[in-house]
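Biologist: I would like to go through this model feature by feature. Please give the general idea each time, then the case here.

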Amino acid sequence: MPHTAPWDPAPLAEVAALFASLAVPWWIAGGHAIDLAIGRVHREHADIDVLLLRRDQLSVQDALPAWQWWAADPPGTLRPWDPGETLPPSVHDIWCRPGPAAPWRIQVMFDESEHRTWISHRDDRIRRPIEDLGLVSPDGVPYLSPEVQLFYKARAPRPKDELDFAVTLPVLTGRQRRWLAAAIVATLGGHPWLDRLPEPGDAS
């Protein structure tokens, strides 16, 4: 059964090589994006996430045609994602593996967009230019900007999310801190992270 198959996340370098042929934007997300932002591996990771825009969803099937794709539809329930099938907006997560007997290797996530603007699937008020959604590591790996990744982790932070916030905070620029704070206030209201986001020396 797909639900009981173990996870053996693919190494970051392998994922980057697999997705390098895509002609559409993609970004390493999740905890690995935090590692890339701070320049080091700071904890173990149970999976590895890749973010694409929903409009480009079929590109991943084209890039890895021999792989199995299972959609979380509804969330918490896996079902096969058929070749060429356009998934509905309610589906955001895909589990991927090289074959039916293989462990899960990669999780692909979809987010929304409109023309040149990224739109968070959590709240369509949270937007930014697609060209500003990610950064590129010194090794050429695209990854989700840390303030955007932390925004997704802020809704119900687990211990690993609190750790991710703590290790990332020192490298966030003032612009990144302000964006994250504004996104949290707009979507969550109060939050423990807000007291730690002002820039050093900023009394406002």
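Modeller: We can begin with charges and rings. A charge sits over a ring if NZ of Lys or CZ of Arg is within 6 Å of the ring centre and within 35 degrees of the ring normal. Here the charged end of Arg 97 sits over the ring of Trp 104, 4.3 Å from its centre. Arg 128 lies over the face of Trp 179, at 4.9 Å from the ring centre. This is a predicted model, in which local features need pLDDT of at least 70 and side-chain atom pairs count only at pLDDT 80 or more, while totals for chains, interfaces and linings use all residues. Residues are numbered from 1 along each chain as its sequence is written, and side-chain values use heavy atoms, with hydrogens and water left out.

Biologist: How many aromatic pairs does the structure hold?

Modeller: Rings of Phe, Tyr and Trp (its six-membered ring) pair if their centres lie within 6.5 Å; planes under 30 degrees apart count as stacked, over 60 as edge-to-face and the rest as tilted. The structure holds nine such pairs. One of them joins Trp 81 and Phe 110 edge-to-face, at 5.8 Å centre to centre and 75 degrees between the planes.

Biologist: Which parts does that pair tie together?

Modeller: Helices (H or I, at least four residues) and strands (E, at least two) are DSSP runs, numbered from the N terminus. Trp 81 lies in the loop between strand 4 (78–80) and strand 5 (93–97), and Phe 110 in strand 6 (residues 106–114), so the pair ties together parts that are 29 residues apart in sequence. Both Trp 81 and Phe 110 are buried, where buried means under 20% relative accessible area, exposed over 50%, and partly exposed in between (1.4 Å probe, protein chains only). Phe 151 and Tyr 152 form a tilted pair, 5.4 Å centre to centre with 50 degrees between the planes. Ring pairs link Trp 118, Phe 151, Tyr 152 and Trp 179 into a cluster.

Biologist: How should I read the pairing of strand 6?

Modeller: Two strands pair if DSSP finds at least two bridges between them. Strand 6 pairs with strand 2 in the parallel sense over five bridges, with Gln 107 as the bridge partner of Asp 49. Strand 5 and strand 6 pair in the antiparallel sense over four bridges, and Asp 93 stands opposite Met 109. Seven of the nine residues of strand 6 are buried, so it is largely enclosed by the rest of the structure.

Biologist: What is found between strand 6 and strand 7?

Modeller: The two strands form a hairpin with two residues between them. Most residues other than glycine have a negative phi, and most peptide bonds are trans. His 115, in the turn, has a positive phi of about 55 degrees. At 69% relative accessibility, His 115 counts as exposed. Elsewhere, a cis peptide bond joins Asp 73 and Pro 74, with omega about -5 degrees.

Biologist: Is His 42 buried or exposed?

Modeller: His 42 is buried, at 15% relative accessibility. A polar contact is a pair of N or O atoms within 3.5 Å; within protein, one must be able to donate a hydrogen and the other to accept it, and residues adjacent in sequence count only if both atoms are side-chain atoms. The side chain of His 42 has a polar contact of 2.6 Å with that of Asp 35 and a polar contact of 2.5 Å with that of Asp 164.
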